[in-house]
There are 2 protein chains.
Amino acid sequence: MNPGFSVYGVATGLLEPGDDIVGRVIAAVGDTEAERICDRDILLFAESPLSTTEGRNIRLADITPGENARALAEKYDLDPRIAEIVIAESDEILGGIPGFLLAARGNLVLPNAGVDESNAPDGWVTRLPEDADASAARIRREIRERTGKEVAVIIIDSRTHAMRLGVSGVAIGCSGILPITDERGRPDLFGHELQVTRRAIADSLASTAELLMGEADEGVPVVLVRGYPYTFAENATIESIAPDEDLFLGSLTKKV
Amino acid sequence: MNPGFSVYGVATGLLEPGDDIVGRVIAAVGDTEAERICDRDILLFAESPLSTTEGRNIRLADITPGENARALAEKYDLDPRIAEIVIAESDEILGGIPGFLLAARGNLVLPNAGVDESNAPDGWVTRLPEDADASAARIRREIRERTGKEVAVIIIDSRTHAMRLGVSGVAIGCSGILPITDERGRPDLFGHELQVTRRAIADSLASTAELLMGEADEGVPVVLVRGYPYTFAENATIESIAPDEDLFLGSLTKKV
């Protein structure tokens, strides 16, 4: 077989506001010769425990919903305080189904703009990191400072896909890795030039990490990928597609 | 670190109509103690080389486009013969952008219903396997008969995601593995019951495999995943969501 790559869960235990997530990860990876963090490792962080350590959790009792939030909450059957937070976290509300608003936020289209009651204390919700690229860059720098190793860092979330049951992964920020590779112009098996294909490497790595993270009480907020031959990039942003060039949004029109 | 799993590319070389894909995979995996196929391995097959061996390629010169195909081809700027094949391969055409129709086919919403000029000889197109679950079941049975090993088989394709640049993976058929796990009712880190979460294990494994397959001239049509603790299921279908319960399609309306 071709040389491959390996994927490991990093069990830090429960992370709380202000916790040193990098220190917890270094300790959990271990310090044996075989286990310590290596150059070219990729470390993937679930957004919710990371943003918890960054102080991004918010208490519902502190929120006063405005008129727009109350109207959306009524229409889509959700807590008006959550609707208020979702609006604040979104660039645009695109629509909804009962319990969820479909929101655009930076390079993402996602339910409730990532605002989530799961994995938060009662009466609190988690939000996405304020700037996931900045979080990734900070973590990467701290790992370099503390271990001397050059790694890639990806911040990930769960996502659903049109008409598919179940969640897989999506990259919401990264540092030290080219998240999307461009193969246009390369030949296919028959020597034709490939027309369309850019590969969402960071998203596929996010789904790989999701396989070990789970969504429930596993306590595996970080996954380490070793041996995958990624392309280095100091600070490459994860690009999105303009809505009118997008096959999904370009094919359909908004209801709201 | 927690025990993890490993991912290997299986380079069979170019596959042609009628080729024995299972024999080529067994040979390419190798027969050393360390490398031969093991019980509980997961083998992921790219749909295009698989369907090529199944005789699913079709010659454009043999196609006479009908009125509907000619109208869609005019509207969305594609070859009317391809539009004709896409219609035949689809349950419903949902819309389009220049060069592509957005099609519903079984449990998938995908561009051109999987009809593709890449990786086919000049003047031919590839189509998805006629019944990818049946293909997966056949491959799994043949591997059992020839090696005595019980593996899981997943047939995969590339997919784009709303507003995201680049492709990742999607499972279009499987055998011997539960493709979607249901975690509703399990506790989260704070003991709340999880409300929504089903995990698209097969889709996440498909994205993992995409990392080694690529889309160009790599000649890696199969990926082997070893050590991932999946749930066995003899014949579990990959379920889709009804459009009105779906966050994407339920939030938006059709243009056509």
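The model is predicted. Chain A has seven helices and 13 strands. A search over all chains finds two aromatic pairs.

**Chain A overall**

- Chain A has 256 residues, and 59% of them count as buried.
- Among contacts in chain A with a separation of 6 or more, 60% join residues 24 or more positions apart.

**Helix H5 of chain B**

- Helix H5(B) runs over residues 132-147 and has 16 residues. From first C-alpha to last it reaches 22 Å, close to the 22 Å expected at 1.5 Å a residue.
- At the start of H5(B), Asp131(B) places a side-chain oxygen within 3.2 Å of the backbone nitrogen of Asp133(B).
- Just after H5(B) comes Gly148(B), with a positive phi of about 75 degrees.
- The buried residues of H5(B) are Ala132(B), Ser135(B), Ala136(B), Ile139(B), Arg140(B), Glu142(B) and Ile143(B). Viewed down the axis of H5(B), they fall within an arc of 165 degrees, so they line one face of the helix.
- Those buried residues pack against two helices of chain B, H1 (21-29) and H2 (47-53). They also pack against strands S2 (42-46), S8 (152-159) and S9 (168-175) of chain B.

**Aromatic pair in chain A**

- Of the two aromatic pairs found over all chains, one is formed by Phe5(A) and Tyr228(A). This pair is edge-to-face, with 5.3 Å centre to centre and 80 degrees between the planes.
- Phe5(A) lies in strand S1 (residues 5-10) of chain A, and Tyr228(A) lies in the loop between strand S12 (222-226) and helix H7 (247-251), so the pair ties together parts that are 223 residues apart in sequence.
- Phe5(A) and Tyr228(A) are both buried.

**Aromatic pair in chain B**

- Phe5(B) and Tyr228(B) form an edge-to-face pair, at 5.3 Å centre to centre and 80 degrees between the planes.
- Strand S1 (residues 5-10) of chain B holds Phe5(B), and the loop between strand S12 (222-226) and helix H7 (247-251) holds Tyr228(B), so this pair ties together parts that are 223 residues apart in sequence.
- Phe5(B) counts as buried because its relative accessibility is 1%, and the cut-off is under 20%.
- Tyr228(B), at 7% relative accessibility, also counts as buried.

Notes
Residues numbered from 1 in each chain as written. Chains lettered and ligands numbered in written order. Predicted model: local features only at pLDDT ≥ 70, side-chain atom pairs only at ≥ 80, totals over all residues. Heavy atoms only, no water. Helix = DSSP H or I, 4+ residues; strand = E, 2+ residues; numbered from the N terminus. Expected span 1.5 Å × (residues − 1). Buried < 20%, exposed > 50% of the residue type's maximum accessible area, 1.4 Å probe, protein only. Arc of directions from axis to C-beta. Contact = heavy atoms within 4.5 Å. Polar contact = N/O pair within 3.5 Å; in protein donor to acceptor, adjacent residues only side chain to side chain. Phe/Tyr/Trp six-rings, centres within 6.5 Å; stacked < 30°, edge-to-face > 60°.
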